[in-house]
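Opening my notebook on this one.

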Amino acid sequence: MPSEAYDDCWLRYEPVGDEHHDSYRTRCANVYASVGSPELSAVRDELRRGISGLLGREPHLWQHPPRSAAGFLAVGTPEEMAMIADSVSIDRVAALDDGGFRIRSVEWEGADCVVVTASTDRGLVYGTFHLLRLMTNGCPIDDLDVTEEPANHERVIDHWDNPFRRSVERGYAGPSIFDWERLPNLRERYVDYARLLASVGINGVVFNNVNTKIPDRASANEFVSGKAGWQLLTEDGLERVAALASVFRRYGVRPYLSVNYAAPMLIDDYDTADPLDPDVEEWWERKAEEVYDAIPDFGGFLVKADSEGQNGPYDYGRTHAEGANLLARALAPHGGRVWWRAFVYADHDDRAVQAYETFEPLNGEFHDNVTLQVKNGPVDFQPREPVSTLFGAMDETDLACELQVTQEYTGQGVHTCYLVPQWKEVLDFDTHVGGEGSPTKNVFSGSEGAGIAGVGVVGEDPTWTGNYLSQANLYGFGRLAWNPDLDTETITDEWVRGTFGGDPAVVDTISGILHDSWPATIDYETGGLGLIHMMYNGEARLENHYDPSPAAWPGYHGTSEDGIGIDRTSGGSGYVDQYYELVAEIYDDPETCPEELLLFFHHLPWEYELTDGTTVVQRLYDNCFSGVEMVRDLRERWRALADTVDDRRYRHVAERLDEQVVQAERWRDTLVAFFYEHSGIPDEHGRVPLAEPNRVVPPRED
Ligand code: GCW
């Protein structure tokens with residue numbers, strides 16, 4: 001029984017309360033569902049599982065309308081099921097985007113029914129999960145009239161899993177769930193993972209790490225010699241990928257692979273991978289054919305090129321557009337797409353300016369089936385960054401926004417840090433591209449090749465994500481990718497109810513904990529004024545991005561005797577000028593720059609006065625202290641659930657919150673001592689120890 005080995009997450013399907021039991025039973029205890037495609041078998045399985053859990057009894061499954069029943073649930077397309085064609089407007093259904101669905105409560109020949117319909121089988125999967133979510137959340141279903149379409153065409157999870165090795169780069173939930181040694185043998189866990197993804201609308205999965213080759217640095221997540229990521233492109237590798245794809249296909253999730261740019265050399269001993277070399281071109285064409293022969297619904301390639309030791313077109317003096325277009329040409333006849341990452345930086349004084357300088361001049365040069373995948377901020381998934389300038393600069397290029405679901409810089413598998421509010425901030429940010437009211441989310445929604453990618457978070461751990469509460473980030477990522485207009489409260493409420501049940505005290509408490517967790521993390525990890533990279537980032541072996549160590553990389557936060565922050569104004573690194581004028585003006589002036597990003601854009605004296613008269617250094621102290629207070633408070637709030645949440649999950653989260661308090665204190669103490677040492681200005685409230693060495697704090701050994 002899988003649920004004993006690992007958690008069901010938000011798909012627990014606990015029995016519903018009395019309030020809706022009768023109406024749910026009337027309309028859903030009998031199910032008339034279409035058969036045929038792999039997706040439809042997944043629909044039937046899910047209904048069996050979901051309705052059994054919610055109603056305490058297996059539903060009857062029919063292949064024709066059950067005329068004896070007082071009501072039933074019908075799932076299928078209007079073409080296949082006359083009863084559905086009778087109950088909904090066929091044209092409206094036909095007009096739905098791929099993945100879109102309609103759910104209606106109808107009366108049909110005297111029976112009280114619910115109809116779930118769509119124009120594609122994938123839409124039926126989403127519609128089914130949506131109906132089950134409504135019931136899980138205790139919503140009435142007697143009067144449903146729901147039409148949903150995904151706002152973003154592509155909604156992909158990128159695994160940074162190292163095949164064969166089974167380690168996960170920046171993964172904090174144990175080994176990779178993908179057991180490539182044993183594939184093509186399948187595991188039940190793949191099915192359950194596909195269910196989790198489909199239940200929140202994710203439609204693509206990249207199975208392997210963007211680092212496909214051993215980088216020079218032997219990091220904690222090193223690669224081993226022998227089989228590596230690029231070997232999935234061999235005949236043997238593709239057989240394994242095809243097996244995995246067969247599971248995900250049932251849930252409407254398309255498979256993708258990260259590829260190494262030098263694959264012709266690594267796999268077939270070519271002496272070049274130059275994108276303008278005809279032999280290389282032919283190699284990729286052949287490879288694409290092999291891939292599509294094995295996996296007809298293959299989504300495409302994800303590429304990290306010329307970044308952190310990975311091969312790329314720069315090796316041959318070619319541009320990123322030339323590089324990406326080579327692969328795009330090979331994939332185009334098969335309907336595949338290249339996802340080309342914009343995470344490229346070298347030795348520039350200010351790393352923030354680089355992605356724009358590299359890619360903006362190439363706007364319009366990428367083929368139609370290339371998507372440029374841009375991290376949300378200009379540096380690297382920090383607790384808070386401004387939104388990347390590329391979102392306002394690439395109007396002739398399909399863009400995807402890359403968010404990090406795994407908590408590399410936000411407490412990893414230990415800290416509770418709910419990232420949906422961070423992502424909302426990114427998605428709602430006004431780029432001013434088309435004048436005022438042009439939020440980032442509009443840049444990559446709507447267009448066929450655009451979308452949202454999230455760096456994966458799951459591993460072999462029974463919790464999937466390393467911390468029960470971080471499951472909320474995976475859930476929230478999918479829901480936002482489907483509909484970036486959903487508010488945080490709605491997403492949180494859905495997740496808590498599905499995961500912990502509907503007891504109002506539990507829902508309120510856990511929602512509140514999640515809500516306050518990101519601001520707390522920002523405060524104790526950065527001081528809350530837009531500083532970044534205060535964590536340990538030293539020699540590769542210890543590059544853990546977890547422990548506090550502001551002294552390790554002063555270049556990232558610009559600390560000096562006279563002040564703190566990086567000057568990215570027009571007079572400084574000029575990063576600010578990459579934004580649209582109106583945005584640039586706001587950030588350029590410390591008086592108008594939002595306080596939470598102030599030191600990202602400005603190097604200011606320690607005693608620079610903020611709007612309320614507090615000095616910069618004092619605000620940094622205050623925020624570090626209040627961040628810790630907040631974490632203590634989160635822990636108290638969780639403790640109040642000791643008798644209501646089951647023991648296993650209660651203790652697991654309680655232990656992590658205990659550890660988070662210890663770590664937050666450590667962060668606070670390290671940061672305030674550092675600020676004090678450089679500013680020489682004591683905390684007004686006397687909380688900061690007066691003499692602390694300026695030290696690099698080594699990571700803990702355990
Ligand atoms: O955030 C950094 C990580 C690397 C990662 C890289 C990237 C996959 O520290 O581990 O490599 O970004 O996004 O490529």
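Entry one: I looked up Lys287 and found it in helix 10 (residues 278-294); helices here are DSSP runs of H or I with at least four residues, strands are E runs of at least two, both numbered from the N terminus. This is a predicted model, where local features need pLDDT of at least 70 and side-chain atom pairs count only at pLDDT 80 or more, while totals for chains, interfaces and linings use all residues. Residues are numbered from 1 along each chain as its sequence is written, and side-chain values use heavy atoms, with hydrogens and water left out.

Is Lys287 buried or exposed? I have it as buried because its relative accessibility is 5% (buried is under 20% relative accessible area, exposed over 50%, partly exposed in between, with a 1.4 Å probe and protein chains only). Setting aside neighbours within four places in sequence, I see Lys287 in contact with Leu233 and Thr234 (contact means heavy atoms within 4.5 Å).

Entry two: I traced an open, mixed sheet of six strands, ordered 2-1-3-5-4-6 (two strands pair if DSSP finds at least two bridges between them). Strand 2 (60-62) and strand 6 (145-148) are the edges, each pairing on one side only. Strand 4 (residues 101-108) runs antiparallel to strand 6, with four bridges joining them. Ile103 sits opposite Val146 of strand 6.
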